[in-house]
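Hi,

Here is the structure I promised to pass on. Have a look first, and my notes on what turned up follow below.

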Amino acid sequence: MEDLNKTPGLFKDVQEMVQSCIQCGTCSGSCLAASVMEHTPRHIWRLVQLGCKEDVLNSKSFIYCASCYYCTLRCPRGLPLTEAMAKLKEISAKSSQKKHKSSMDFYKYFVKSVCRHGRVNEVELMTNYLISTKNPVTSLKYAPLGMKLMGKGKLSFGNALKGNGVLDVLFAKVKEMEDRT
Amino acid sequence: MSYLYYPGCSLEGTSQEYNISTRALFSSLDISLNEIPEWTCCGASAAESVSYLLSLSLPARVLALAEKMDDCDQLLVPCSACYLNLKKVEEKVKKDPVLLENLNTILEAENLSLKNSTKVKHLLEVLSKDVGPDSIQKKTKKYLNGLTIAPYYGCQCLRPYPVFDDPEAPTSMEPLLKAVGVKVHQWNMGSKCCGASQMATKSDIAVKYVADILRAAKGADAIVTVCPMCQMNLEAYQEKVCSTAGEDLHTSILYLPQLLGIALGLSAKELGFDFNLAVSKGLRQKMVI
């Protein structure tokens with residue numbers, strides 16, 4: 001179930017990260033995606049500072065961050081803005097937020113594939129992701145690419161390490177430490 | 001000379017020609033690449049969107065495996081996303097002993113440990129700084145005169161850690177291209193974003209980014225890349241990009257080691273050209289491959 005308050009500590013982390021933002025707007029001016037965002041990066045940081053968590057999470061903004069790191073590079077205060085964007089995605093994922101489900105599913109299936117095999121299986125990732133969208137049109141959009149890659153023999157169906165579950169211990173330990181905080 | 005080698009997941013699947021050509025190129029440069037045995041995924045940009053601690057633990061595990069190999073402490077990484085994740089751990093741990101302790105608590109469960117003694121290097125850093133254009137030129141057997149190439153760097157080998165190049169106006173590929181007789185296409189898109197995983201999650205936006213890059217490359221015979229994600233976004237969606245933009249933006253896209261490999265006398269087959277999705281007949285004729 002969706003619960004935006006499931007991880008209050010994470011939002012506080014983001015607030016700390018952008019606490020000293022001076023609202024100069026260099027991030028927005030550097031962001032390739034600013035034009036399609038509901039709130040530009042500068043605006044997001046202000047909303048974060050003011051504690052407007054719902055406004056931030058429910059907007060189509062941080063989800064468009066492609067991690068190009070221009071804002072982080074140029075921020076005159078040296079703030080880790082790309083990491084702050086990722087942290088907002090993390091909150092969305094951990095809150096099972098419906099609004100961004102499709103994007104978050106991609107990241108979740110990626111991580112699941114890694115956990116299962118130790119390495120990403122691109123075929124499994126895209127299959128699970130496209131099934132999760134429950135939208136045959138989306139799947140069809142990727143059909144030409146799939147055919148192209150298959151024709152080239154580039155679709156690897158089994159790059160897993162010998163014996164699945166090589167990362168089980170690491171994943172369990174990370175979860176244990178996250179639950180502790 | 002030798003390096004530890006971390007190919008990463010993409011180089012075993014959709015970008016195997018990057019792996020093939022990197023290995024072939026370094027072999028002809030007499031540099032050995034020692035692959036980390038049983039390496040695991042670095043988490044790409046996906047892990048960070050799910051868990052911050054996981055996004056550092058995955059690359060930390062790779063670095064811990066690298067430390068177990070005693071032949072060298074320099075790790076060559078061709079994929080920019082893998083490079084950044086590994087570099088991030090190297091840089092963060094240097095400044096944050098508590099983080100190192102936490103990562104070691106996680107790694108201890110597998111009897112692994114991290115000292116942070118490995119130097120993480122991107123393929124482009126190794127080629128442009130360690131190997132250098134002079135060595136490339138000395139080994140060049142086939143000058144690619146008459147070829148104009150647009151060097152595309154992408155984001156994550158440049159930012160946020162500007163280790164070997166200007167993070168906004170990169171030039172490190174230019175001396176390498178010139179060393180093999182190639183003319184460098186002048187453009188300002190070399191460090192712009194290709195959209196990365198947005199091509200899967202928000203493809204309408206990413207298609208526009210790619211259209212802008214391909215349009216700016218007009219006049220060049222090809223774009224060369226140093227990242228499997230950039231390569232895939234630029235080469236694999238060109239039909240969609242052209243139909244959305246309403247113009248012909250078809251462009252040949254190849255990896256830097258493929259281009260340099262041809263100049264060093266390797267065959268197209270040895271460099272994995274059969275796997276490329278966008279290499280035109282015209283380019284093949286010009287390169288005589």
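Between domain 1 and domain 2 of chain A there is one salt bridge, taking a salt bridge as a side-chain nitrogen of Lys or Arg within 4 Å of a carboxyl oxygen of Asp or Glu. A:Lys94 and A:Glu178 pair up through their side chains in a salt bridge, at 3.3 Å from N to O. The interface of these two domains of chain A also has two residue pairs in polar contact, both residues at pLDDT 80 or more. Polar contact here is a pair of N or O atoms within 3.5 Å; within protein, one must be able to donate a hydrogen and the other to accept it, and residues adjacent in sequence count only if both atoms are side-chain atoms. By class, the side of domain 1 of chain A that touches domain 2 of chain A has two nonpolar, one polar and three charged residues. (Ala, Val, Leu, Ile, Met, Phe, Trp, Tyr, Cys and Pro count as nonpolar, Asp, Glu, Lys and Arg as charged, and the others, Gly among them, as polar.)

Before going on, some housekeeping. This is a predicted model, where local features need pLDDT of at least 70 and side-chain atom pairs count only at pLDDT 80 or more, while totals for chains, interfaces and linings use all residues. Residues are numbered from 1 along each chain as its sequence is written, chains are lettered from A and ligands numbered from 1 in the order in which they are written, and side-chain values use heavy atoms, with hydrogens and water left out.

Back to chain A. Domain 1 covers 8-94 and domain 2 covers 101-180, with bounds from an automatic or database domain assignment. Their centres, taken over C-alpha atoms, are 27 Å apart. Six residues from domain 1 of chain A and five from domain 2 of chain A make the contact, which is counted for heavy atoms within 4.5 Å. The two domains of chain A bury about 420 Å² between them, with 59% of that from carbon and sulfur atoms. Buried area is the accessible area (1.4 Å probe) that two parts lose on being put together, summed over both. On the domain 1 side of chain A, the residues that lose the most area to domain 2 are A:Ile63, A:Lys89 and A:Ala93, together 74% of what that side buries.

Is A:Asp105 buried or exposed? A:Asp105 counts as buried because its relative accessible area is 10%, and buried means under 20%, exposed over 50% and partly exposed in between (1.4 Å probe, protein chains only). Apart from neighbours within four places in sequence, A:Asp105 is in contact with A:Tyr129 and A:Ser132.

Now for chain B. Its domain 1 runs over 2-122 and its domain 2 over 133-287. About 2,300 Å² is buried between domain 1 and domain 2 of chain B, 71% of it on carbon and sulfur atoms. In domain 1 of chain B, B:Glu17, B:Tyr18 and B:Leu25 lose the most area to domain 2, together 26% of what that side buries. One salt bridge crosses this interface of chain B; B:Asp30 forms a salt bridge with B:Lys139, with the closest N and O atoms 3.0 Å apart. Five residue pairs are in polar contact between the two domains of chain B (both at pLDDT 80 or more).

Finally, the interface of the two chains. Here 54 residues of chain A are in contact with 64 residues of chain B. Chain A and chain B bury about 5,400 Å² between them, 63% of it on carbon and sulfur atoms. A:Tyr69, A:Arg119 and A:Lys154 supply 12% of the area that chain A buries against chain B, more than any other three residues. The chains share four salt bridges, and B:Lys92 and A:Glu83 meet through their side chains in a salt bridge at 2.9 Å, N to O. There are also 24 residue pairs in polar contact across the interface of chain A and chain B (both at pLDDT 80 or more).

Cheers
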